[in-house]
Amino acid sequence: MNNELDKKWFSAGGCAGMCVDLTLFPLDTIKTRLQSQQGFYKAGGFRGIYAGVPSAAIGSFPNAAVFFVTYESTKSLFTGYSATNLAPITHMLAASLGEIVACLIRVPTEVVKQRTQANPSLNTYRVLLNTLHEEGFRGLYRGYGSTVLREVGWLSCIHIKYWSSAVWWRRQGGRLDSWQAAVCGALAGGVAAFVTTPLDVAKTWIMLAKAGTSTASGNIPTVLYEVWRSRGIPGLFAGSIPRVTFISMGGFIFLGAYEKVRRTLL
């Protein structure tokens, strides 16, 4: 793989990720507090809406960059299938592998970020120290399985599939303008965001649960049942509005910014 090309993908993906995470961070905080076990107002309501932003800022660039380097590198291995009916499958596989690798960076920053969002009286550094003291390094990866399942199961596959298989893409000989990539990303991301909200709720419960509890063990079916039993269907889709808004707008910004930066560098 061309090292210079890897650097360009890394830069393009990283810049796009930072644009999304920092611009739309208040929506993410609202979503986390709506999903938290303690309830929206006890988790902070509209106070400290930027609680946890240092964690997001630190992890945003490398997370997005690693995803796109992995995605583009994997996709390049299947260049012979790009013009066939197998193209959507190769894009799904590349995106899924990209998410699995990116989650190695995303999950620790997500754990710290969400715990700070749900406890705005604590700062990011204090939450990190508390997590390491109580649970050790493994505590930073609590919820890794649920995060990967959420991302790989629907979000990345639908997101990239719709983007790469868009009508514009086919009509324009495999090339999308930045704004067209952004629109495709917004539409695909919004649909995927709503469908995967229950998995996102389970992830939030697992990450925020007190160490040693059954919820903290990370058994996804058990957590989903617990949410349904205590809060019903509305509980499974808690935070769906800010989540859909975040990912739709994020898809527009992310894929548009990625295409723009990538083409500028190339």
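Start by selecting L199, V201, A202, W205, I206, I220, V223, V227 and L236: these nine residues form the largest nonpolar core. A nonpolar core here is a set of buried Ala, Val, Leu, Ile, Met, Phe, Trp, Tyr and Cys residues joined through side-chain atoms within 4.5 Å. Buried means under 20% relative accessible area, exposed over 50%, and partly exposed in between, with a 1.4 Å probe and protein chains only. Colour α9 and α10 (220–236) next, as the elements that give two or more residues to this core. The biggest share, five residues, comes from α9. Helices (H or I, at least four residues) and strands (E, at least two) are DSSP runs, numbered from the N terminus.

Before going on, note that you are looking at a predicted model, where local features need pLDDT of at least 70 and side-chain atom pairs count only at pLDDT 80 or more, while totals for chains, interfaces and linings use all residues. Residues are numbered from 1 along each chain as its sequence is written, and side-chain values use heavy atoms, with hydrogens and water left out.

Not counting residues up to four places away in sequence, V201 touches Q35, V227, G235, L236 and A238, where contact means heavy atoms within 4.5 Å. Then pick F67, F68, Y71 and A102, which are among the six residues of a second, separate core.

Now zoom out. The protein has 11 helices and zero strands. Of its 266 residues, 52% are buried. Among contacts with a separation of 6 or more, 78% link residues 24 or more positions apart.

Next stop: the largest pocket. Which residues lie nearest its centre? Select R115, N119, E134, L208 and A209, part of a lining of 18 residues. A pocket is an open set of points, on a 1 Å grid over the protein atoms alone, where a 1.4 Å probe fits, with protein on both sides within 12 Å along at least five of seven lines; lining residues have an atom within 4 Å of a point. The volume is about 320 Å³, counted as the space filled by probe spheres set on the points, which are joined across faces, edges and corners. Both α5 (124–135) and α9 (197–208) supply at least two lining residues each, and α5 gives the most, with five.

Go to G45, in the loop between α2 (25–35) and α3. G45 is buried, at 3% relative accessible area. Leaving aside neighbours within four places in sequence, G45 is in contact with R33 and F40.

Is P120 buried or partly exposed? At 25% relative accessibility, P120 counts as partly exposed. Show R33, A43, G44, R47 and A51, which P120 touches when residues up to four places away in sequence are not counted.

Finish at G59 in helix α3 (residues 53–77). G59 is buried, with a relative accessible area of 6%. I105 and T109 are in contact with G59, leaving aside neighbours within four places in sequence.
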